[in-house]
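Welcome, and take a moment to look over the sequence and the model. The paragraphs that follow go from the whole chain to its side chains and then to its surface.

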Amino acid sequence: NVYKSDLQWLRGLGWVPIGSVEVVKCKRAAEILSDNLYRQPPEKLKFTSVPDTPEQVLARSNAINVSKHLYTEAWDKDKTQVHIMPDTPEITLARQNKINYSETLYKLANEEAKKKGYDLRSDAIPIVAAKASRDIVSDYKYKDAYRKQLGHHIGARKVEDDPKMMWSIHAARIQSDREYKKDFEKWKTKFSSPVDMLGVVQAKKCQVLVSDIDYKHPLHEWTCLPDQNDVIHARRAYDLQSDNIYKSDLQWLRGLGWVPIGSVEVVKCKRAAEILSDNLYRQPPEKLKFTSVPDTPEQVLARSNAINVSKHLYTEAWDKDKTQVHIMPDTPEITLARQNKINYSETLYKLANEEAKKKGYDLRSDAIPIVAAKASRDIVSDYKYKDAYRKQLGHHIGARKVEDDPKMMWSIHAARIQSDREYKKDFEKWKTKFSSPVDMLGVVQAKKCQVLVSDIDYKHPLHEWTCLPDQNDVIHARRAYDLQSDNIYKSDLQWLRGLGWVPIGSVEVVKCKRAAEILSDNLYRQPPEKLKFTSVPDTPEQVQARNNAINMSKNFYRQAMEEAKKEGCDLRSDAIPIVTAKASRDIASDYKYKEAYRRQLGHHIGARAVQDDPKIMWSIHIAKVQSDREYKKEFEKYKTRYSSPVDMLGIVLAKKCQTLVSDVDYKHPLHEWTCLPDQNDVIQARKAYDLQSD
């Protein structure tokens, strides 16, 4: 008691177990047994496709077939080798067309007139006369041709009645290039594909990169004199905006290093990360909309109950009648209602009182008028009550008691069933009563814990007796207590009381740190992103990427133009070589198109249905195989189903870990037996306990 007297203030205080050894051990065990931390999800495993699969081979062949570069390679090669004589009819016609379509020659007379400084107004007499003459001549020519054609139109009354005309129209429609391409032009802009398909997203990004819209900004075209003030200012502005002059002092930067942020590889890696992202790929189950069956018994019952308890439907007929029924103002009911309004009006009821209060009248409760009024009210009230009672005598026909009326009893029973208080009555009666088996594990553990923390078995008070202070046994007992006294024994250590102790570097702390390092998941597992990946440089994809980089390179695209600009050549759109090349291209293209068309005539023979053509069915099958939705269909179907073998390493380790952290094998309670208090082993045990007692 003396030893523990300074700790009495601790009795009854609470203790927070946060940070204790057991709590830390339980947290660590939970982390070890965590399925999210232990298992690696299947979707995080990287997928490597076999390069020589039929799909890959078909994709390569399709890339070759749809390659515009390979498609036009032979024609581009022939364009540089074919030599056309300058006196061919096509060349002569092209020259004449050049003169006819030349904007410079078309505006030449106007430009010369402008140089002379002639003021040409729209309302000048020559202009007005020329316009009138043109209109007169045009009308005369039209009527002259009309008169010549009169009487020459001999044939059917309508075009549809002439079989030759209809056949000519049909033949013209078949040979018409516009009709031939009509359906193609109608459907060529309509294409259906998944919005998040990898090819569509990459094509959009590529289109933004190679688009000519954001790249070229053609300046406005106008005609002006070289010595005009705005031309001089424009030249100065062009010199200021010139890329060559602006970058002339930055030539020393050519060949320096480059940061790859935004490059093709970085963008490709980011896109791959988005594709493999589990958050973007998976659709959470809570986002799936749930549709219930509308005609289930519960739904039908709920609808009928909603209709029955609807106040709007209940009062609908009355609200409708209220606006249609007209009552005469002098009916007995209206007169009675007005009189009742006067009788029940609180304002009229208090009117005399308010007026009396304004006069300052002292109204006492024991005044004669008040007492008389109260007595009169009681007399009238009793009279009215007895009068109504006498009128109702003989009118009460029914059961003598409520229990004798089956409808009343049924109403009471229905009200009791629907009563919320009756519904919760038994629950409120039994909710504080709890029954548990005596040998339940929680009860047994609570009893053992109570025995451990109980103060009854902890303290063993000594026997109290009365003795003289000079007895021999008392003197020896004092000496024994002094020898056994903890205060006297520890008196030289009193200066240490209250001093703090830092456990850093102690055996337990070092052991816990070492255990944390051993069990650390970050130190144990090596993340996959730290594994260096080396790609093969000569794969078909790498070679194709290099070729695409060369084809889409702006430097190569601009190289010929930059060299031509350095030479100072004036390349106009109406120059003879340009016009000749355009005409030759159109002629050759039209010739090639018609030649291919003539070769294909009569060759379009195939199956009557798509299912009869094996190649089309094979293409549909390939499209279904390559479809991203079909590819992920089975995965979406089975991703929520998981089966694991019983002898899997993780399950076996979890069982062993559960055995280690289980409280069942940890505690070995001593055997409980019943023995007599005068047995020899009991006496010896008491002596041993007394010796070991604190």
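Two residues are in contact when heavy atoms of theirs lie within 4.5 Å. Of the contacts in the chain with a separation of 6 or more, 46% join residues 24 or more positions apart. Please keep in mind that this is a predicted model, in which local features need pLDDT of at least 70 and side-chain atom pairs count only at pLDDT 80 or more, while totals for chains, interfaces and linings use all residues. Residues are numbered from 1 along each chain as its sequence is written, and side-chain values use heavy atoms, with hydrogens and water left out.

What secondary structure does the chain have? It comes to 39 helices and zero strands. Here helices (H or I, at least four residues) and strands (E, at least two) are DSSP runs, numbered from the N terminus.

How much of the chain is buried? Of its 694 residues, 5% are buried; that word stands for under 20% relative accessible area, while exposed stands for over 50% and partly exposed for anything in between (1.4 Å probe, protein chains only). The chain exposes about 66,000 Å², and carbon and sulfur atoms supply 60% of that area. Such areas come from the Shrake-Rupley method with a 1.4 Å probe, and for residues only the protein chains shown count as cover.

Now for the charged side chains. A salt bridge is a side-chain nitrogen of Lys or Arg within 4 Å of a carboxyl oxygen of Asp or Glu, and the count comes to 15. Asp382 is partly exposed at 37% relative accessibility, and Lys386 is partly exposed at 48%.

Asp387 and Lys391 also lie in helix α24, four residues apart, about one turn of the helix. In their salt bridge the closest N and O atoms are 3.7 Å apart. Asp387 is partly exposed at 30%, whereas Lys391 is exposed at 57%. Another salt bridge pairs Asp378 with Arg377 (3.6 Å, N to O); Asp378 is partly exposed at 45%, and Arg377 is exposed at 53%.

Ile32, Leu33, Ile518 and Leu519 make a nonpolar patch of about 320 Å². Leu33 sits in the loop between α1 (21–32) and α2 (35–38) and is partly exposed, at 36%.

A patch of positive charge brings together Arg173, Lys182, Lys186 and Lys190. Lys and Arg count as positive and Asp and Glu as negative, with His and the chain ends not counted; the place of a charge is taken as NZ of Lys, CZ of Arg, CG of Asp or CD of Glu.

Technical notes: Patches are made of residues with over 30% relative accessible area and no salt bridge: like charges are joined within 9 Å, nonpolar side chains (Val, Leu, Ile, Met, Phe, Trp, Tyr) within 5 Å.
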